[in-house]
Amino acid sequence: MRQIITCLILVIFFYGCKKEKETNLVTNTATSDIEHQDSVVKLGIDEKDLIEDSIETLSQSSPADIRKRLVEDGYQLFDYVDSKSGDTILMQQYFIAFLKRGPVRNQNEEEAARLQVEHLAHLSKMYEMGYADISGPMGDNGDVRGITIYNVPTLEMADSLANSDPMVKAKRLVIEMHPWWAAKGTPLR
């Protein structure tokens with residue numbers, strides 16, 4: 001339940017950011033969506049089927065069904081037994097993208113603001129489509145500016161999606177991608 005509430009809060013946040021600047025970005029967002037759709041098509045993914053399958057899996061599948069579907073979709077998995085509870089935990093490989101300060105940071109204030117709105121719209125779309133499970137900025141002013149955790153079967157797919165971010169294309173951010181393991185369905189606390 002906590003995970004669902006957290007997800008809903010993130011969606012509301014991203015929609016709020018997106019709606020605030022929507023009128024100024026109709027052309028830019030359309031271009032970004034077309035570019036994203038091109039990258040998704042290159043990867044051979046049908047967005048509608050992916051979303052419908054994800055919703056169906058979460059709402060009515062047994063752990064065995066979830067495991068079977070993940071294996072069929074190419075995800076890397078392993079089990080371990082929790083020594084305290086005796087439960088078998090399904091571990092899934094995700095991909096964590098560190099969004100780092102890029103080499104081109106000389107955009108004027110207006111351009112940087114536009115890129116930020118497009119960046120948030122991109123992250124929101126990744127979340128809506130089921131490709132990203134969580135994103136957020138860092139709380140300091142270091143070189144790592146934020147993270148996104150991609151819920152996709154391959155490093156190549158995660159890298160392609162992360163590099164389609166308008167901030168990355170503008171070289172304001174660069175991506176450092178790593179495989180990352182987590183228990184399937186574990187909420188943040």
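Some conventions to start. Residues are numbered from 1 along each chain as its sequence is written, and side-chain values use heavy atoms, with hydrogens and water left out. As the model is predicted, local features need pLDDT of at least 70 and side-chain atom pairs count only at pLDDT 80 or more, while totals for chains, interfaces and linings use all residues.

I'll begin with helix 5. Helices here are DSSP runs of H or I with at least four residues, strands are runs of E with at least two, and both are numbered from the N terminus. Helix 5 covers residues 109–128. The expected span of a helix is 1.5 Å times one less than its number of residues.

After the helix comes Gly 130, with a positive phi near 85°.

As for burial, I use buried for under 20% relative accessible area, exposed for over 50% and partly exposed for in between, with a 1.4 Å probe and protein chains only. The buried residues of helix 5 include Ala 112, Leu 115, Val 117, Glu 118, His 119 and Tyr 127.

Next, salt bridges. How many does the structure hold? There are seven, a salt bridge being a side-chain nitrogen of Lys or Arg within 4 Å of a carboxyl oxygen of Asp or Glu. Two of them share Arg 114. Its partner Glu 111 has a closest N to O distance of 2.4 Å, and for Glu 118 the corresponding distance is 2.5 Å. Together, Glu 111, Arg 114 and Glu 118 make up a salt-bridge network. Why can these side chains meet? An α-helix has 3.6 residues a turn, so residues three or four places apart point the same way. Glu 111 and Arg 114 are three residues apart in helix 5, about one helical turn; Glu 118 and Arg 114 are four apart, also about one turn. Glu 111 is partly exposed at 27%, as is Arg 114 at 26%, whereas Glu 118 is buried at 9%.

Another bridge, at 3.9 Å, pairs Glu 72 with Lys 68. Both sit in helix 4, residues 63–72, four residues apart. Glu 72 is exposed at 57%, and Lys 68 is exposed at 53%.

Now the interior. A nonpolar core is a set of buried Ala, Val, Leu, Ile, Met, Phe, Trp, Tyr and Cys residues joined through side-chain atoms within 4.5 Å. The largest has 19 residues, and those with the most contacts inside it include Ala 97, Tyr 131, Val 152 and Met 177. Strand 2, helix 5, helix 6, helix 7 and strand 5 each supply at least two of its residues. Helix 6 gives the most, with four. Apart from this core lies another, of five residues, among them Ile 66, Leu 70, Tyr 75 and Leu 90.

Gln 93 is in strand 2, residues 88–101, and is buried at 14%. Leaving out residues up to four places away in sequence, its contacts (heavy atoms within 4.5 Å) include Tyr 75, Val 152 and Trp 180.

On to the hairpin. Strand 3, residues 132–137, and strand 4, residues 144–150, run antiparallel and are joined by five bridges; strands count as paired if DSSP finds at least two bridges between them. Six residues connect the two strands. Pro 137 has Gly 146 of strand 4 as its bridge partner.

Last, a backbone angle. Most residues other than glycine have a negative phi, and most peptide bonds are trans. Lys 171 has a positive phi, near 65°. This residue lies in the loop between helix 7 and strand 5 and is partly exposed, at 46%.
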